[in-house]
Amino acid sequence: MSRLSKQLPPLETLLFFEAVVRNGSFTRAASELYLTQGAVSKQIKALEQSLGVPLFERQARGISLNAAGTALYAEVGPLLQRLQATVSAIRTEHSQQAVSITCTQSVAHYWLFPRIVAFNRLHPQITINIQSTNDVNESSCARCDLGILYGDGAWSTLHGEPLYPEVVFPICHASLDIGPVETLEQLQALPLIQLDSSAWDCMDWRDWFRHFGVDYRPPRSALTFNQNTLAFNAVLQGMGVGLGWDFMAHDLLAAGTLRQVGPLRLHSGRHDYLVHARHRKLSPSAQTFYQWLLTQAGPSTAGHTAAAPQAAPAPQKSKRDAS
């Protein structure tokens with residue numbers, strides 16, 4: 001352990017301290033850091049214990065720095081600002097031609113990757129770095145240049161433009177031997193591949209049928225997967241009928257590998273959005289990629305569609321995708 005690390009408090013506690021002072025409250029600092037107020041309070045307590053002195057006066061109407069806190073902030077505030085400026089300058093200087101984008105694994109594989117291949121042919125000097133995670137959220141998108149995020153577009157820290165709507169319908173492999181399906185009762189009788197979304201938010205067969213006024217309960221022996229891409233791959237292997245999201249299935253339907261089962265398509269009213277942080281200006285390379293991706297918005301959802309009855313509104317779920 002170095003001499004400095006022995007004498008200094010944990011450096012992350014100084015970041016929390018700066019955020020609390022700058023925001024004037026634990027609550028606003030927690031909101032900025034996407035943490036709970038309790039987590040911020042714990043870090044401040046750790047800092048005070050490391051220093052051996054309190055830093056704030058806790059009052060009925062809020063907090064204020066005491067003498068020790070004022071002295072510490074006089075050094076920490078400017079120091080962190082200079083460090084932030086230096087890091088930002090280094091990143092800008094060395095990554096003008098690099099663009100980071102985050103999205104779920106399914107979006108990365110089925111929608112984004114083919115478009116990046118095409119973009120690289122047009123702009124070989126720009127490097128696109130994909131951060132694929134199924135924990136993608138408002139906070140993780142704000143840390144990257146760009147993000148693709150599912151929802152209703154109402155994010156306080158992000159600006160978003162819709163890329164494609166959520167459209168979900170039954171699909172199967174083109175070789176699967178099933179007869180014509182015209183009714184929901186006929187669809188229920190087929191070998192439906194189940195998606196267990198109990199650990200994350202995603203539409204499953206119960207949700208899909210509920211949109212059309214049907215109370216569906218899967219059989220206990222049904223083939224079940226807990227990940228969207230696994231269920232989709234089971235469909236590709238001809239193991240049954242699964243739910244297909246248009247952004248995943250569109251090209252395979254056009255190629256004849258998959259086919260839609262029955263006439264109904266559910267439009268949930270939600271979209272995947274191309275987003276970026278409101279407070280940060282995009283680099284020229286990020287702006288180029290951003291504008292180009294907007295021209296790729298789709299896929300098309302032409303063909304027979306059937307919206308859910310008004311009496312059965314779509315359940316509001318915060319995340320559709322897990323892989």
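Predicted model: local features only at pLDDT ≥ 70, side-chain atom pairs only at ≥ 80, totals over all residues.
What percentage of the 323 residues of the protein count as buried? Of those 323 residues, 43% count as buried, where buried stands for under 20% relative accessible area, exposed for over 50% and partly exposed for what is in between, with a 1.4 Å probe and protein chains only. Residues are numbered from 1 along each chain as its sequence is written, and side-chain values use heavy atoms, with hydrogens and water left out.

The protein has 12 helices and 11 strands, which are DSSP runs numbered from the N terminus, helices being H or I of at least four residues and strands E of at least two. If we take contact to mean heavy atoms within 4.5 Å, then, among contacts with a separation of 6 or more, 77% come from residues 24 or more positions apart.

Let me start with helix H4, residues 37-51, where Glu48 has its place. H4 has 15 residues and reaches 21 Å from its first C-alpha to its last, close to the 21 Å expected at 1.5 Å a residue, the expected span being 1.5 Å times one less than the number of residues. Val40, Ile44, Leu47 and Glu48 are buried in H4. They cover an arc of only 95° around the axis, which puts them on the same side of H4; the arc is that of the directions from the helix axis to the C-beta atoms. As background, an α-helix has 3.6 residues a turn, so residues three or four places apart point the same way. Lys42, Lys45 and Gln49, on the other side of H4, are exposed, and the helix is followed by Gly52, whose phi is positive, near 85°.

Glu48 itself is buried, with a relative accessible area of 11%. Leaving aside residues up to four places away in sequence, Glu48 touches Val53, Pro54, Leu55, Phe56 and Arg58. A polar atom of the Glu48 side chain lies 2.9 Å from the backbone nitrogen of Leu55.

Turning to helix H3, residues 26-33, we find Phe26, Ala29 and Ala30 buried. These residues cover an arc of only 100° around the axis, which puts them on the same side of H3, and the buried residues of H3 pack against helix H2 (11-23), H4, strand S1 (56-59) and strand S2 (62-65). H3 is followed by Tyr34, whose phi is positive, near 55°.

Now to the strands: 9 of the 12 residues of strand S11, residues 266-277, are buried, so S11 is largely enclosed by the rest of the structure. Strand S5, residues 146-151, runs antiparallel to S11 and is joined to it by 5 bridges, with Leu274 in S11 as the bridge partner of Ile148. Strand S6, residues 158-173, is also antiparallel to S11, with 9 bridges joining them, and His159 stands opposite His276 in S11.

Finally, the cores, each a set of buried Ala, Val, Leu, Ile, Met, Phe, Trp, Tyr and Cys residues joined through side-chain atoms within 4.5 Å. The largest nonpolar core has 59 residues, and those with the most contacts inside it are Ile148, Leu187, Trp208, Val241 and Phe289. Apart from that core lies another, of 17 residues, among them Ala19, Val40, Ile44 and Leu47.

Methods. Polar contact = N/O pair within 3.5 Å; in protein donor to acceptor, adjacent residues only side chain to side chain. Pairing = 2+ DSSP bridges.
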